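Trainee: I would like to learn how to read salt bridges in a model. Could you take me through some?

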Amino acid sequence: MSDLNSADRTSTGLVLTGGGARAAYQVGVLQALAQLRRDAGVIGGNPFPIITGTSAGAINAATLACQADDFDAAVDGLVYIWQNIHVDQVYRADSFGVIRTGARWMTMMSLGWALARWKRSRPKSLLDNEPLGELLRRWVRLERLDEMLETGHMDALAISGSSYSSGQHVTFYQTAKEIQPWLRSQRLAVRARLTIEHLMASSAIPFIFPAEQLDLEGQPEWFGDGSMRQSAPISPAIHLGAERILVIGAGRMHEPPGRRVQAVEAHPSMAQIAGHALSNIFLDALAVDIERMQRINNTLSLLPPEARRSTALRPVEVMVIAPSRRIDDLAAKHQAALPATMRGLLRSVGVSGEGKAAHGSALTSYLLFEPDFTEELITLGFTDTLARRSEVQAFFGWTGEPPPFDPRQQRRSAGFAQARVAEVERAR
């Protein structure tokens, strides 16, 4: 076995997209990648020196980056946390919490004209995600990021957010080497020391979670989910030097083809409209950006070598792994797993039923932080990736021969998650 092969040191970028609870799918993909990497005889180290993340994908990205000296251990930890997560670790779902935010928000929507003059009656969001901040402070070891960058286990970590204050989409990035910021129309990059607040801002789903205040070039601005106004999700990885990029999506791109129309007799509910809007925010820009990159690659391949050298554009190999099943349908099976208080709140906007009788499951899929749902997404990500085993191996240059069985390695990997959980529990 080798500790690190040459394929791992190619400037490979990992792009993790947003999607709330849907981001559990990414963990299943990463788990399969770790398995295929071990089968190729590669242990230790990190196959992704450049990692970019948005929304819930930013949390997964930061976890990987801060443990870049042991990719398998980082993935083990992510699998554990996503397999055991509950909504009350992400947002307040108890009766008091829902009344304090959700019920007041719904009242404000319906009676805002009468309540607008009382500032204390203006909730910031539908849900209070303070528990998520507490979880991240215990789990994500951002104090290790400097070390990972300085020792060469990582080249760059980038987290994206969207400023409500200026309207700009901002990519905050941390590197060991000097990389000049970039500026595009309505998009800019800022070198910064990344914090839990950056993760909270990037994952603040609009309307659902409150905005987070961040410093932007000496000025405080309010930021929300990085998927908003993200017209080029792959761009940060390219600017940071990635020569090939793996993108892990959270829906639509590889779902069963064909047009499917749900029979709706009445006007669409608020839940249906909200789910449709969130899908636009989280999913559509990625598909457009990938098509754009494929067109650029095709155009460059037609140019003679002299013309190719005269342009700043360069071909970038991209592989996309995305769900083979509709995540909305999976969420529909598990809507009853939400706490009764949340089901009651969501029922008021049109979420109801379960399975084939479910309504509003697109909205639910972003909020269903429960093991019944996240475990199924992890399994889907794992099986989708192994189904493309030969393609993945070719992309990374990994051989397909599994190494001799090493029980010590298995014990080390299996014991990591338990050790991290014990550490987190002691910190409570």
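Mentor: We will go through the salt bridges here, pair by pair. This is a predicted model, where local features need pLDDT of at least 70, side-chain atom pairs count only at pLDDT 80 or more, and totals for chains, interfaces and linings use all residues. Residues are numbered from 1 along each chain as its sequence is written, and side-chain values use heavy atoms, with hydrogens and water left out.

Trainee: What is a salt bridge?

Mentor: A side-chain nitrogen of Lys or Arg lies within 4 Å of a carboxyl oxygen of Asp or Glu. This structure holds 12 of them.

Trainee: Which residue forms a salt bridge with E130?

Mentor: R92 does, with the closest N and O atoms 3.3 Å apart. E130 sits in helix 6, and R92 in the loop between helix 4 and helix 5. They are 38 residues apart. Helices (H or I, at least four residues) and strands (E, at least two) are DSSP runs, numbered from the N terminus.

Trainee: Where do R193 and D146 lie?

Mentor: Their salt bridge has its closest N and O atoms 2.5 Å apart. R193 lies in the loop between strand 6 and helix 8, and D146 in helix 7, so the pair ties together parts 47 residues apart in sequence.

Trainee: Is R193 buried or exposed?

Mentor: Buried means under 20% relative accessible area, exposed over 50%, partly exposed in between (1.4 Å probe, protein chains only). R193 is exposed, at 56%. D146 is partly exposed, at 25%.
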